[in-house]
Amino acid sequence: MWGRGFASTARAAVEGRKWDAVVIGAGHNGLTAAAYLARGGMSVAVLERRHVIGGAAVTEEIVPGFRFSRCSYLLSLLRPSIIRLSLTFHTFWIFNRTCPSLFVGELELKPHGLKLLRPMAAAFTPCSDGRYLLLSFDEDENRREISKFSRRDADAYMRYENQLDKFSRIMNFLLDSHPPEFQHEVPSFSDRMRSRVQKSVFWARCLRQILSMGQKNVMDFVDLLLSPTSKTLNKWFETDVLKATLAANATIGSMASIDSVGSGYVLLHHVMGESDGDRNVWAYVSDTFSSHVQGGMGSVSLAISNAAKEAGVHILTNTEEFVPPNLLPDDFFYAIKHSDYSSGVTKINVAVDKLPQFHCLNKPGVGSHHTGSIFIGCERYVMFKHLSFFFF
């Protein structure tokens, strides 16, 4: 019943079989959805246009002998509930069709090959005057580092981090919540009642979370979401190098300057995730397969695909054509067709014969600063507003 409209290569692979659900695209999101559906007892096929799965979470050999995470390069926002093993309750809507309520075990990715490498530092910013700022995940070390530039900022930084951590918890609640479903077709009376109940429960839980923050925290939270990054950082700090280092994270992956209204949210975005239970940590990804050491972000997709295959998902690559437009709702097709993927970021993958060394550190060999983001040209906040910068 789902076979019509697929390319000949995909049709040949699925010929003679009916699927409860077909997922278009074998990126990490598509693979996760497929694994959940299959664990709920549905027959699922995943169709991928490329020869390799992973989408943006992919590892490929660009320079001979060197494998790169071509797009996504760090892991933090993959929800812990997906990685670990637990039992949750889910209801799925497939092509405007309700699937029975399902009890679905989480994907348990670590036994399927996922290994996270925790960085020893968060950010390293060398300065032209011979100084440097090295931020880690230790409060005392950060206080000492920032005190080299400003004792006031060293004290403020701890309060700033605590506030962002508090705000990130309500964002995590939203990420882990099952949002109300949007139904494209006119639902039945029972579906409408079920939808109203789900929406009421969702918004009631949201309201309870917001009220638990208290009035002042709610006002500060809204101010952060709506304000420019520059306003937020100027309110908290006085040191150029600290503000510029933090502002760099607020522009990565966005097409907005630090003076754009709403760009303050990106400061929060970079502390929302966690790695192996450690909050505000963006991890590198390795892999535990000794026979085929792939590593990089492709290991995330590989682990999810292993969990999906174990659940019975059939994954097809090199499928040249996707679902025909007339099979999708007009508003959905229009939204996808006109999605804006513009980016202000250029990612360059290079192969090097040794790690970069910095005169300001005067520490030859491998150091903790090599494991975090390295920001070049971020020491002066006013220049940061107008010039490009580089990070590694």
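**Exercise 1. Is Cys360 buried or exposed, and how far is its sulfur from the closest cysteine sulfur?**

Step 1. Cys360 has a relative accessible area of 18%. Buried means under 20%, exposed over 50%, and partly exposed in between, with a 1.4 Å probe and protein chains only. Therefore Cys360 is buried.

Step 2. The closest cysteine sulfur belongs to Cys127, 7.2 Å away. A disulfide is a pair of cysteine sulfur atoms within 2.5 Å, so this distance is too far for a bond.

Step 3. The disulfide count is 0.

This is a predicted model: local features need pLDDT of at least 70, side-chain atom pairs count only at pLDDT 80 or more, and totals for chains, interfaces and linings use all residues. Residues are numbered from 1 along each chain as its sequence is written, and side-chain values use heavy atoms, leaving out hydrogens and water.

**Exercise 2. Which residues do salt bridges join into one network with Glu60?**

Step 1. A salt bridge is a side-chain nitrogen of Lys or Arg within 4 Å of a carboxyl oxygen of Asp or Glu.

Step 2. Arg50 and Glu60 qualify, with their closest N and O atoms 3.1 Å apart.

Step 3. Glu60 also pairs with Arg70, at 3.3 Å between the closest N and O atoms.

Step 4. Shared partners therefore join Arg50, Glu60 and Arg70 into one network.

Step 5. Glu60 is buried at 12%. Arg50 is partly exposed at 26%, and Arg70 is partly exposed at 39%.

**Exercise 3. Where do Asp165 and Arg169 lie?**

Step 1. Both lie in helix H5, residues 151–176. Helices (H or I, at least four residues) are DSSP runs, numbered from the N terminus.

Step 2. They are 4 residues apart, about one turn of the helix. Asp165 and Arg169 form a salt bridge, with closest N and O atoms 3.2 Å apart.

Methods:
Helix = DSSP H or I, 4+ residues; strand = E, 2+ residues; numbered from the N terminus.
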